[in-house]
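Please keep the picture in view while I talk.

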Amino acid sequence: MRLRIFTEPQQGASYEDQLRVAQAAERLGYDAFFRSDHYLRMDDGDPEPGPTDSWVTLGALARETETIRLGTLVTAATFRLPGPLAISVAQVDQMSGGRVEFGFGTGWFDAEHKAYGIPFPPLGERFARFEEQLEIITGLWTTKPGDTYSFEGAYYRLADSPALPKPAQDPRPPVIIGGTGAKRTPRIAAKFADEYNVPFNSLEETAAAFVRVREACENAGRYSIVLSAAQVVCVGADEAEIARRAAAIGREVSELRENGLAGTPEEVLDKIGKFAEAGTERMYLQMLDMSDIEHLELIAAEILPHV
């Protein structure tokens, strides 16, 4: 089991806040620093300082970290055209020395599209565009040097692209696809993903989703895919510290114990173990209070050595 830090900067974090968490996560031995890809806060809190772009941020972090892996959970397909997105991710992979992982999804938050003038097609079209974008992005990355890449789809057309730049990783950065859809998501994950992620679901729902994706992979003739889960984390040395951290993110301790990874280090370690028994190989710890570096330090000291 590898533990990864997952942040939601649209909730009120500057680049400096993200840098502080990423460097602390690297120093403390976490496997990766991931961030969401959103342009709008998701509650009525203070909107300042405003959003930060995920790939601009990761490009900067690539130069200010050395070993920790970097990625998105997940980049919204609605935000960017596939060709330029392939260029951006490949460049950040080069800048990091091959430490990028590409989480990719259809996009879902209608309000942020309205707020920034981004088209938001119906769900069926978003999935169709998403699948074409995956075909294009992975195709551009894996085209042999000196060859060109062309694509003709319902929504995108590329003609004689030089398919540059190439990412540092060969043949390409790992692709992460998440969600719990019963049909389209398993099929698309089996076709394109190196990792399948279940975000913020119960242990039972996560295990069932893993079964569906394993079956889809077997039907596609492949027999390995990394399985991961994301859960909000709230750990304290005692009940008072747990309650303080829950209050800081506007949640109730009892609800977090039920729906996340919350409690003492022993409690959280036990629940992580149950996710591992269900097949989880990587756990993304959603850190909603990015000012609380002591939280990172507690988990690194009391949980990380035991997973």
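Predicted model: local features only at pLDDT ≥ 70, side-chain atom pairs only at ≥ 80, totals over all residues.

Before I name any residues, let me say what I mean by a pocket and its lining: a pocket is an open set of grid points with protein on both sides within 12 Å along at least five of seven lines, and a residue counts as lining when it has an atom within 4 Å of a point.

The largest pocket holds about 1,100 Å³ of space, and its lining is made by 44 residues, with F6, E8, H38, W108 and F200 lying nearest the centre. By class, the lining of the largest pocket divides into 20 nonpolar, 16 polar and eight charged residues.

How many cavities of 30 Å³ or more does a search of the whole structure find? The search finds one, and the largest cavity contains about 80 Å³ of space. Its lining consists of V233, C234, R245, A248, I249, Q286, M287, L288, D289, D292 and H295, and β10 (226–235), α8 (239–248) and β12 (282–287) each contribute at least two residues to it. In that lining, six residues are nonpolar, two are polar and three are charged.

Now to the helices. Two packed helices are described by the angle between their axes and the distance between those axes. Helix α3, residues 82–96, packs against helix α5, residues 123–142, at an angle of about 45°, and their axes are 9 Å apart; because of that angle, α3 is oblique to α5. On the α3 side the contact is made by P82, G83, L85, A86, V89 and A90, while α5 brings Q133, I136, I137, L140 and W141. Nine of the residues in this contact are nonpolar, two are polar and none is charged.

A second pair is helix α1, residues 15–28, with helix α11, residues 293–302, where the angle is about 20° and the axes lie 10 Å apart, so α1 is roughly parallel to α11. Here α1 contributes R20, V21, A24, R27 and L28, and α11 contributes I293, L296, E297 and A300; by class, this contact has six nonpolar, no polar and three charged residues. The crossing is right-handed where α1 passes α11, and the crossing of α3 with α5 is right-handed as well.

Finally, a few details of the backbone. The peptide bond from L73 to V74 is cis, with omega near -10°, and V74 sits in the loop between β3 (69–72) and β4 (75–76). Another cis peptide bond joins D170 and P171, with omega about 10°, and P171 is placed in the loop between β7 (157–161) and β8. Within strand β7 we find D160, a residue other than glycine whose phi has a positive value, near 55°.

Technical notes: Residues numbered from 1 in each chain as written. Heavy atoms only, no water. Axes fitted to C-alpha atoms, helices over the stretch in contact; angles between N-to-C directions. Helix = DSSP H or I, 4+ residues; strand = E, 2+ residues; numbered from the N terminus. Parallel < 35°, antiparallel > 145°, perpendicular 65-115°, else oblique. Left-handed = near helix turned anticlockwise from the far one by under 90°. Contact = heavy atoms within 4.5 Å. Nonpolar A, V, L, I, M, F, W, Y, C, P; charged D, E, K, R; others polar. 1 Å grid on protein atoms, 1.4 Å probe; cavity = no way out; pocket = protein on both sides within 12 Å on 5 of 7 lines; lining within 4 Å. Points joined across faces, edges and corners; volume = space filled by probe spheres on them.
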